[in-house]
Amino acid sequence: MALVTVMGRLLAPVRLREYCRRTVAAVAPGSWLTGLRGFTSGTRPLRSDNKVTINFINRDGEKVTVKGSPGDSLLDVVINEDLDFDGFGACEGTLACSTCHLIFDEDVYKNLGPVTDEELDMLDLAYGLSDTSRLGCQVCLTKSLEGMVARVPESVADIRQSKDESG
Amino acid sequence: MAFLKSFATVYRTSFQGERLNKQLFTLRALHKSAASEALGISTAEEEAMGQPLVTPANVGEKVKSLKEMPGPSTLSNLVEFFWRDGFSRIHEIQMDHRKLYGKIFKSRFGPQMVVSIADRDLLAQVLRAEGPAPQRANMESWKEYRDISGRATGLISAEGEQWLKMRGVLRQLIMRPRDVAVFSDDVNQVVDDLIKRVYTLRSRSPDGATVFNVNDMFFKYAMEGVAAILYECRLGCLENKIPRETQDYISALNLMFSSFKTTMYAGAIPKWLRPLIPKPWAEFCSSWDGLFKFSRIHVDKRLQDIEAQLKRGEEVKGGLLTHMLVTREMNIEEIYANVTEMLLAGVDTTSFTLSWACYLLAQNPHVQEQIFTEVTAALGPGAVATAEDVPRLPLIRGLVKETLRLFPVLPGNGRITQDDLVVGGYFIPKGTQLALCHYSTSLDEEGFAGALDFCPERWIRKDSTDRVDNFGSIPFGYGIRSCIGRRIAELEMHLALTRLIQKFTIVASPLTADVKAKTHGLLCPASPIHLQLIDREN
């Protein structure tokens, strides 16, 4: 049960820092988080030359180019860069939904690292699934992914609208 | 908690205004304006007004109104449920109604209208369209108890922003598989005790091999397991002599389960009738009192320990509860409420599933041998599996999935629509109670060939692009309001089943014939499951 180690009122473990970094980024700020905010700064003092460039193709087909740090997940990047993909990452990377579903080119897909059973189970429930689909929350950046393209698939709502428009 | 959810779904709800901060929600494509609903304008009229506020999937096909939706009459429903005790057959009625009325149908329970969704694609559509804080059902009676007793709501009973805040805290602690894997050793210690318990119970049986009513044993296993994680302490449920406090808690739980129907009436009976029929509400409150009391004892004890350690300047180490108590992302009342509700939700759900899994293994010895062979090959003889080993045991994962497909512990779940939707060609106004018919979709031939067969292998993937799952069987739900304890429950079941299969050949007792399922809030065995657990030659 080594989930938490506490010294006095200080919370040390990296895992906790991860929690608050994600939570602060993903949820509208609330007073309940204030006590922990201190940890969100300075956890990753990375030089910009160490960053990885990612090209997202949004649901309108537009390319959005951003940079992320190695070790960050693609969901982290979407949150940190404040990218507006409606409904993306609803469960905050806790493997309870498949809203951070992304589609990759085959050569990139092969380099994305291992897939867990839990991710595959969630991917099965993703809309518009392809053979090169992954969940953004489970893909971590490495330098070898420099310049990668990640396509945000159409959401259910979009499909309905486009049908509507074409009809 | 699960056992109340499904009931609540079909049973007691008054339409309720949305309390949430509007800005929480982004309206999606399929929505009609709330204003038109308030004005009582039907869909057809709205279209005629030249304001196509609904954008249905298939333009050209007229969107039908709820009036046109098929379903059983109010009278036949009343007879079915109150005269023919339909509550214990909710899962069967779901299947019958699916056959009679199709993928989507409506039922009336007194003033409450419920729209049932009994098709995996429609289920997918509804769940994918969810907003950031989905509502399951009206939890008025739960809230009333909390208000009266000055207690907070937990993840089951809270709604809206309050729910979202607590969910945000808890999911960061116990939803990610890698976070839950940390508890592997704690769970394994409980499994050790489970195995010892099997030996004890067997030795007491006339043939020296039978465990009578295995659910009773698994109930204690599940309770011990959840408590080990939630309270960071052992309760002694699997000991020969169960400590007094724990026994009191089990009594409170039993009161809640045994008086299930009456406590449900507690919510259904209007307040003004309570003086005339006081018992259901009184029992409802007293069982909650018992559950809360138990949680408080354990939470307070941990808190005192932490404070003492800090005073002494010692390093505080701990798990889930320690984290909650130290960070105070939730206040103490919220911690009590969530710990209470999580313990409640994590006991019978897990124990029924373990009971069914063992029953199915006993009924299907060839499948049991196949799993035993896989486990032995993956782990080597006699090795104790940890969370890290589970990915190498696909049939163990398949066993749990297949058990939950055949006996989804929650045969139906509920949602109150938070936007106007068009589902299956029908316009469903915001605020409608939906019943998601998981039992019927789980046993649908369309989704699962040979749907009645027990076949854990159907869940095995050939490779990572092989898709085997679908919305037909989602026993833990999907999305932001899915089961928060899912990964803990899976860990408890994977580790317990692996060890049981390693140690014993599970054989149906001659005393147990065909065991049917009944709904008692949850889908549970209608009669006790007795099994012989025979030592494997190692």
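Apart from its neighbours within four places in sequence, B:S287 is in contact (heavy atoms within 4.5 Å) with B:A252, B:L255 and B:M256. This is a predicted model, in which local features need pLDDT of at least 70 and side-chain atom pairs count only at pLDDT 80 or more, whereas totals for chains, interfaces and linings use all residues. Residues are numbered from 1 along each chain as its sequence is written, chains are lettered from A and ligands numbered from 1 in the order in which they are written, and side-chain values use heavy atoms, with hydrogens and water left out.

B:S287 belongs to helix α14 of chain B, residues 279-311, where helices (H or I, at least four residues) and strands (E, at least two) are DSSP runs numbered from the N terminus. Because its relative accessibility is 0%, B:S287 counts as buried; buried means under 20% relative accessible area, exposed over 50%, and partly exposed in between, with a 1.4 Å probe and protein chains only.

Helix α14(B) also packs with helix α7 of chain B (residues 140-149), the axes coming within 11 Å and crossing at roughly 65°; axes are lines fitted to C-alpha atoms, for helices over the stretch in contact, and angles run from 0 to 180 degrees between N-to-C directions. The crossing of α7(B) and α14(B) is right-handed, a crossing being left-handed if the near helix is turned anticlockwise from the far one by less than a right angle, and right-handed if clockwise. On the α7(B) side the residues are B:S141, B:W142, B:E144, B:Y145, B:R146 and B:I148, and they meet B:W281, B:F284, B:C285, B:W288, B:D289 and B:F292 of α14(B). Sorted by class, this contact has 8 nonpolar, 1 polar and 3 charged residues, where Ala, Val, Leu, Ile, Met, Phe, Trp, Tyr, Cys and Pro count as nonpolar, Asp, Glu, Lys and Arg as charged, and the others, Gly among them, as polar.

A further pair in chain B consists of helix α11 (residues 214-230) and helix α21 (residues 486-503), which pack at an angle of about 130° with their axes 11 Å apart. The two helices α11(B) and α21(B) are therefore oblique to each other, given that angles under 35 degrees count as roughly parallel, over 145 as roughly antiparallel, 65 to 115 as roughly perpendicular and the rest as oblique. The crossing of α11(B) past α21(B) is right-handed. From α11(B) the contact draws on B:F218, B:Y221, B:A222, B:G225, B:V226 and B:I229, and from α21(B) on B:I488, B:E492, B:A496 and B:L500. By class, the contact of α11(B) with α21(B) has 8 nonpolar, 1 polar and 1 charged residues.

Two loop residues of chain B deserve mention for their backbone. B:N213, in the loop between β3 (210-211) and α11, has a positive phi of about 45° although it is not a glycine, and at 30% relative accessibility B:N213 counts as partly exposed. B:R328, in the loop between α15 (320-327) and α16 (332-345), has a phi near 50°, again positive in a residue other than glycine, and at 36% relative accessibility B:R328 counts as partly exposed.

| Chain | Accessible surface | Carbon and sulfur share |
|---|---|---|
| Chain A | about 7800 Å² | 49% of the surface |
| Chain B | about 20600 Å² | 56% of the surface |

Chain A has 5 helices and 7 strands, and buried residues make up 47% of its 167 residues. Chain B has 21 helices and 12 strands, and buried residues make up 62% of its 538 residues.

Methods. Areas by Shrake-Rupley, 256 points an atom, 1.4 Å probe, with all protein chains shown as cover.
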